[in-house]
Amino acid sequence: MTHVVAVATGKGGVGKSSVTSAVAGTLAAHGRRIAVIEIDPQGDIADDFGLREDPDNDGGAAVAESILHGTSLGDGIEARDNLTYFAGGPVMKQLPRIQGWTGLESQLSKAIGQLDGYDLILLDSPPFSDELQRVSLTAADRLLIPTSMDNSSLRALLTIADRLVEVESVNPGLKPLGVVLWNVPTAASRIRTETRQVLLEILGDSFPLLKTTIRSAVATAWECRRRGMLPHEVAEMHGGTSSALKVLSTGRVPERPLSSAQNLALDYATLANEILDRLEETS
Ligand SMILES: Nc1ncnc2c1ncn2[C@@H]1O[C@H](COP(=O)(O)OP(=O)(O)O)[C@@H](O)[C@H]1O
Ligand SMILES: [Mg+2]
């Protein structure tokens with residue numbers, strides 16, 4: 001069974017697009033066949049994949065049509081080997097304003113049902129449109145929530161929890177995959193521990209907090225989007241991901257410290273592994 005994971009929360013700037021593109025890119029580089037469907041008028045994933053100006057980037061037209069009519073998503077763009085990108089973008093801006101949303105929530109899941117040959121499908125979601133969030137959560141069978149450590153991001157978890165309840169009747173199969181702490185300062189271990197504690201209290205038993213955290217790496221993240229490269233690609237450019245991946249496979253600390261890009265690539269590889277494990281456990 002191909003899992004469809006919605007990456008969503010009720011706030012912008014908390015890593016939804018970065019997590020989606022980096023996890024997708026890491027898994028694709030390791031041979032999994034991945035589709036990313038972007039349900040967001042901002043279309044930021046195009047920057048992450050370096051496809052903003054690509055002639056095949058339709059600014060969200062095909063995804064918008066699928067949301068409105070359940071029609072085929074088309075071929076998408078081959079963003080990398082094993083990685084297909086169905087672009088979001090400005091064409092989707094009008095969608096939340098159209099009348100008569102009732103029933104439209106399920107259209108995209110019909111279109112996704114026609115996709116063939118993927119091991120995993122990731123849905124990037126918008127922070128503000130209740131309608132488009134419901135589209136994303138209705139089409140998914142798992143929900144991954146990235147959050148940063150500030151209070152307003154933690155409160156945004158509650159708004160996405162509301163959406164989860166709203167779609168329950170149309171999509172009873174949607175299960176939580178987990179919450180991932182993102183943009184975590186490496187030096188602030190007390191804040192990290194306290195935030196995990198607060199999060200565990202907010203989440204209770206129903207929503208797991210993932211073990212992996214994604215570190216703060218402002219310069220690397222900036223370079224990634226500016227160049228249209230993913231963290232593991234920037235890490236390779238700066239001298240290889242092999243030592244980073246060796247840490248993952250052997251657990252041994254390398255002789256030389258990893259660069260910021262290597263560390264970020266390592267975080268995403270660890271997260272991708274944890275996601276695969278959890279998908280297997282909860283199947
Ligand atoms: N590990 C990181 N540390 C710090 N900033 C990051 C990191 N990863 C991405 N960013 C930056 O944070 C901003 C918001 O990330 P983004 O993934 O677009 O959030 P969202 O999709 O939730 O709006 C972007 O400018 C991005 O470049
Ligand atoms: Mg985004």
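## Contact of α6 with α7

In this predicted model, L154, L157 and L158 of α6 meet V198, L199, I202 and L203 of α7. The residues of this contact divide into 7 nonpolar, no polar and no charged.

Two packed helices are described by the angle between their axes and the distance between the axes. Helix α6 spans residues 151-167, and helix α7 spans residues 189-203. Their axes come within 11 Å. The crossing angle is roughly 15°. Angles under 35 degrees count as roughly parallel, so α6 and α7 are roughly parallel to each other. The crossing of α6 past α7 is right-handed.

## Largest pocket

The largest pocket holds about 520 Å³ of space. It is lined by 29 residues, and those closest to its centre are G15, S18, W182, A221 and R225. By class, the lining has 14 nonpolar, 9 polar and 6 charged residues.

Which element gives the largest share of this lining? Helix α1 does, with 5 residues. Elements that each supply at least two lining residues are α1 (16-29), β7 (175-184), β8 (209-215), α8 (218-227) and α11 (260-281).

## Second largest pocket

The second largest pocket has a volume of about 220 Å³. Its lining consists of M1, H3, L27, R32, I34, D119, L120, L276, D277, L279, E280 and S283. These residues divide into 6 nonpolar, 2 polar and 4 charged. Helix α11 gives the largest share of this lining, 4 residues. Helix α11 also supplies at least two residues to the lining of the largest pocket.

Notes
Residues numbered from 1 in each chain as written. Chains lettered and ligands numbered in written order. Predicted model: local features only at pLDDT ≥ 70, side-chain atom pairs only at ≥ 80, totals over all residues. Heavy atoms only, no water. Axes fitted to C-alpha atoms, helices over the stretch in contact; angles between N-to-C directions. Parallel < 35°, antiparallel > 145°, perpendicular 65-115°, else oblique. Left-handed = near helix turned anticlockwise from the far one by under 90°. Contact = heavy atoms within 4.5 Å. Nonpolar A, V, L, I, M, F, W, Y, C, P; charged D, E, K, R; others polar. 1 Å grid on protein atoms, 1.4 Å probe; cavity = no way out; pocket = protein on both sides within 12 Å on 5 of 7 lines; lining within 4 Å. Points joined across faces, edges and corners; volume = space filled by probe spheres on them.
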